[in-house]
Each structure stands twice: as structure tokens, then as C-alpha cells.
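Morning, everyone. I'll take a few minutes on helix packing and aromatic rings. Here is the model.

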Amino acid sequence: MFGLANPERFMRFSAPLTAPAWGLAAVLLAVGTWLSFQAPPDYQQGDGVRMMFVHVPAATLGLMAYGALGSASLASLIWRHPLADAAARAAAVPGATFTFLALITGAIWGKPMWGVWWTWGDARLTSVLVLFLFYLAYMALRSAIEDEARAARAAAVLGVVGLINLPIVKFSVDWWNTLHQPASLLRADGPAMTAAYLAPLLTMMAGYAALFLAVWLTGIRTEILGRRVRTLAARRAAEA
């Protein structure tokens with residue numbers, strides 16, 4: 001892992017992985033979508049249960065992406081890895097997109113189930129909104145500071161602080177009485193759903209994970225190339 005902190009090694013390592021990651025994501029999402037429409041309607045929710053196959057993977061990847069962002073930010077602050085800041089920055093946009101998708105689909109799913117689009121009394125809803133705001137704040141902070149080094153340090157601190165919210169999001173349904181149901185997958189007695197719903201859900205989650213990996217690798221590679229271009233331009237300007 002520490003060897004890959006070198007941008008040159010990372011570029012060589014990631015080059016043969018990026019295209020397969022995109023292909024795997026496309027296949028898994030296509031299969032997952034097909035399986036989602038093959039699943040039977042729920043006896044209570046009807047066809048509304050299909051929203052689960054979009055909402056749950058989006059929420060899960062929103063958390064995972066911020067975990068990647070926060071961990072890379074921590075590495076950037078402690079070890080000054082050349083690649084850590086690029087990895088954190090590349091995780092921000094896809095992570096924010098997944099989290100926003102989770103909020104929107106959650107509202108659409110919640111309206112017929114709970115009778116409201118949104119309620120501040122639900123700890124899971126509120127903590128996911130805070131997660132989305134951390135993403136926005138991270139991206140805004142990077143854009144607001146002109147000096148790249150200062151922007152990277154300030155954003156890294158914010159990224160690490162935001163890690164505090166991840167266990168709150170995950171365990172909010174266990175710590176407080178909320179509208180959200182408890183965990184249905186990671187349970188001591190096994191998943192609380194039949195194979196008809198479990199198969200499409202797991203396939204979609206794998207597809208979302210592959211999609212994030214593909215976007216993340218592409219984003220890191222793009223960031224490295226962009227920094228090389230800016231460095232060369234600065235050298236040429238100095239020589240001129």
C-alpha cells in the first residue's frame with residue numbers, strides 16, 4: 001500500500017484495472033437491474049419495495065466513499081503521501097452523488113411508507129444529511145482557498161473530522177427510536193429477507209461498489225495527470 005503512494009507506481013498499477021472496473025460495474029448493474037424487476041412485489045409495500053435496490057446500495061456507498069475520503073485525508077496529514085490528497089479529492093464527487101441519491105430515493109420511498117417526505121425526528125435521515133453536508137463542505141473548502149497546499153491541509157482536517165459521523169449513521173437505528181427499520185443484512189441471525197430480494201440487492205451493491213472503484217481510480221489518475229500538466233506549465237513559465 002505504501003509503495004503505491006508513489007504516483008508513478010500507482011499509475012502503472014491502476015492502468016490495467018480501470019477499464020475492467022468500468023466493465024464489471026456495467027455488467028453487475030445490468031444484471032442487478034434485471035433481477036430487481038424480477039423480484040415479486042412485497043405484501044405490504046407492493047412494487048415500492050424495488051426502491052430498496054437503489055436506495056440501500058447508494059446509502060452504503062455514500063458511507064464507504066466517505067470512509068475512503070477520510071482515511072486518505074488522515075494519511076495525507078500524518079504521512080504526507082503524495083497520492084493521499086488526490087485519493088481523498090477523487091472520492092468527494094462520487095461519494096456526494098451516492099449520498100444525494102440515497103436522500104432522494106429515501107424521500108420517495110418514505111412518502112408512501114411513512115406518510116411524509118422528510119422528518120427531522122429520524123436520526124438516520126438527519127445523520128445522512130449531515131454526511132452530505134460534509135461532502136459539500138469538503139469540496140467548497142478546496143475551491144475557496146487558492147493556495148493548493150493550504151486547501152489540501154484544511155480539507156484533510158475537515159475530512160478526518162467527518163469520520164465521526166460514520167458510526168452515527170450506521171448505528172443510529174440501534175441507538176435511537178427512529179422510523180428506519182434496523183439492519184436487514186448484517187445481523188447475527190442472518191439476513192432478514194428472502195433470496196428473491198437478497199440476490200438483486202447484493203448484486204446492485206456489488207455493482208455500485210464496482211462503479212465507485214471505477215470512478216475513483218479514474219479520478220485519481222486524472223488528478224495525477226492534471227498536477228503533472230500544472231507542474232510542467234509552471235516550469236515553462238519560470239524558464240520563460
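At what angle do the axes of helix α4 and helix α5 cross? Roughly 170 degrees, and the axes come within 8 Å. Helix α4 is residues 123–144, and α5 is 148–161.

Some ground rules. The model is predicted: local features need pLDDT of at least 70, side-chain atom pairs count only at pLDDT 80 or more, and totals for chains, interfaces and linings use all residues. Residues are numbered from 1 along each chain as its sequence is written, and side-chain values use heavy atoms, with hydrogens and water left out.

Helices here are DSSP runs of H or I, at least four residues, numbered from the N terminus. Axes are lines fitted to C-alpha atoms over the stretch in contact, with angles from 0 to 180 degrees between N-to-C directions.

Back to the pair. α4 and α5 are therefore roughly antiparallel, a label for angles over 145 degrees. Their crossing is right-handed, meaning the near helix is turned clockwise from the far one by less than a right angle.

Who touches whom? Contact means heavy atoms within 4.5 Å. On α4, the contact residues include Phe134, Tyr138 and Leu141; on α5, Ala151, Ala155 and Leu158 are among them.

Now the rings. There are six aromatic pairs, with ring centres within 6.5 Å. Phenylalanine 100 sits in helix α3 and phenylalanine 132 in helix α4, 32 residues apart.

Notes: Helices (H or I, at least four residues) and strands (E, at least two) are DSSP runs, numbered from the N terminus. Angles under 35 degrees count as roughly parallel, over 145 as roughly antiparallel, 65 to 115 as roughly perpendicular and the rest as oblique. Rings of Phe, Tyr and Trp (its six-membered ring) pair if their centres lie within 6.5 Å; planes under 30 degrees apart count as stacked, over 60 as edge-to-face and the rest as tilted.
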